Amino acid sequence: MSQSDSSTPPSPTEFLKSATFSRTEGPAVSPENAVTASDLLMATYDPARLHPLAQIGDKLDYLLLDDDKTSDLPGASTAIPSRGWSDDLCYGTGTMYLSGLALGGSWGLREGARRPLAVSNTRLRINSILNSVTRRGTFIGNSAGVLALVYNGINSSIDSMRGKHDTLGSMTAGALTGALYKSTAGVKPAVVAATLVSGMAGVWSLVKKSI
């Protein structure tokens with residue numbers, strides 16, 4: 001930059017009129033290599049760090065159900081993967097309880113709808129249905145949940161002692177569960193319950209292996 005000499009300081013307007021500017025030529029920048037605002041921001045700011053699960057990786061192993069996380073007992077690899085006795089206990093008990101509620105609710109709905117009433121009234125009919133649903137649903141649901149709880153506990157204990165999981169162990173656990181459930185009703189009801197639950201456990205074990 002150069003300017004004409006003067007004895008008195010020029011005004012800004014005169015200075016700009018008389019001044020000349022020059023620039024040093026640098027290397028040419030192609031559009032592909034031009035620095036953008038995103039490049040400047042990403043150099044010091046990584047938006048991925050704001051994610052709640054950033055840099056966690058595979059530390060959340062409880063969200064994964066890999067083959068190496070499942071039970072390693074011989075015969076335990078069926079259509080329904082399991083992580084051990086606690087997994088079977090939770091899922092088995094919950095599934096049986098909900099299934100019992102649904103079955104008992106359907107039974108109570110049919111029973112309440114067909115029950116004869118002294119007075120034909122819509123409110124009385126609805127009350128009869130609700131009473132039957134709550135009575136049958138809770139009874140069967142609680143019974144099924146208790147049976148599943150005891151069965152899974154005994155079955156896991158048998159598998160742990162024998163070192164394997166098979167149909168024989170499941171049927172044995174079913175027989176013990178049924179006999180224990182009806183043990184206070186007498187010998188004959190206990191034998192019937194043991195036979196019934198053992199057969200159901202055997203069928204369920206075969207179904208899991210055949211799928």
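**Close-up views of a helical protein model**

**Figure 1. Surroundings of Ile158.** Leaving aside neighbours within four places in sequence, Ile158 makes contact with Gly169, Thr172 and Ala173 in this predicted model.

Figure 2. In soluble globular proteins, nonpolar side chains tend to be buried together.

Figure 3. Gly92 lies in helix α3, which spans residues 85-114. Is this glycine, Gly92, buried or exposed? With a relative accessible area of 19%, Gly92 is classed as buried, because the cut-off for that class is under 20%. When residues up to four places away in sequence are not counted, Gly92 touches Asp87, Ala148 and Asn152. The C-alpha atoms of Gly92 and Asn152 are 7.3 Å apart in space, although the two residues are 60 residues apart in sequence.

**Figure 4. Packing geometry of helices α5 and α6.** Two packed helices are described by the angle between their axes and the distance between the axes. For helix α5 (residues 167-181) and helix α6 (residues 187-210), the angle is about 150 degrees and the axes are 7 Å apart. Helix α5 is therefore roughly antiparallel to α6, since angles over 145 degrees fall in that class. The crossing in which α5 passes α6 is right-handed.

**Figure 5. Residues at the contact of α5 with α6.** Which residues of α5 meet α6? On the α5 side they are Thr167, Ser170, Met171, Gly174, Ala175, Thr177, Gly178 and Ala179. They meet Ala190, Ala193, Ala194, Val197, Ser198, Ala201, Gly202, Ser205, Leu206 and Lys209 of α6. By class, this contact of α5 with α6 comprises 9 nonpolar, 8 polar and 1 charged residues.

**Figure 6. Context of the close-up views within the whole protein.** The secondary structure consists of 6 helices and 0 strands, and along the sequence the pattern reads α-α-α-α-α-α. Of the 211 residues of the protein, 23% count as buried. Among contacts between residues at least 6 apart in sequence, 50% join residues at least 24 apart.

Notes:
Residues are numbered from 1 along each chain as its sequence is written. This is a predicted model: local features need pLDDT of at least 70, side-chain atom pairs count only at pLDDT 80 or more; totals for chains, interfaces and linings use all residues. Side-chain values use heavy atoms; hydrogens and water are left out. Contact means heavy atoms within 4.5 Å. Helices (H or I, at least four residues) and strands (E, at least two) are DSSP runs, numbered from the N terminus. Buried means under 20% relative accessible area, exposed over 50%, partly exposed in between (1.4 Å probe, protein chains only). Axes are lines fitted to C-alpha atoms, for helices over the stretch in contact, and angles run from 0 to 180 degrees between N-to-C directions. Angles under 35 degrees count as roughly parallel, over 145 as roughly antiparallel, 65 to 115 as roughly perpendicular and the rest as oblique. A crossing is left-handed if the near helix is turned anticlockwise from the far one by less than a right angle, and right-handed if clockwise. Ala, Val, Leu, Ile, Met, Phe, Trp, Tyr, Cys and Pro count as nonpolar, Asp, Glu, Lys and Arg as charged, and the others, Gly among them, as polar.
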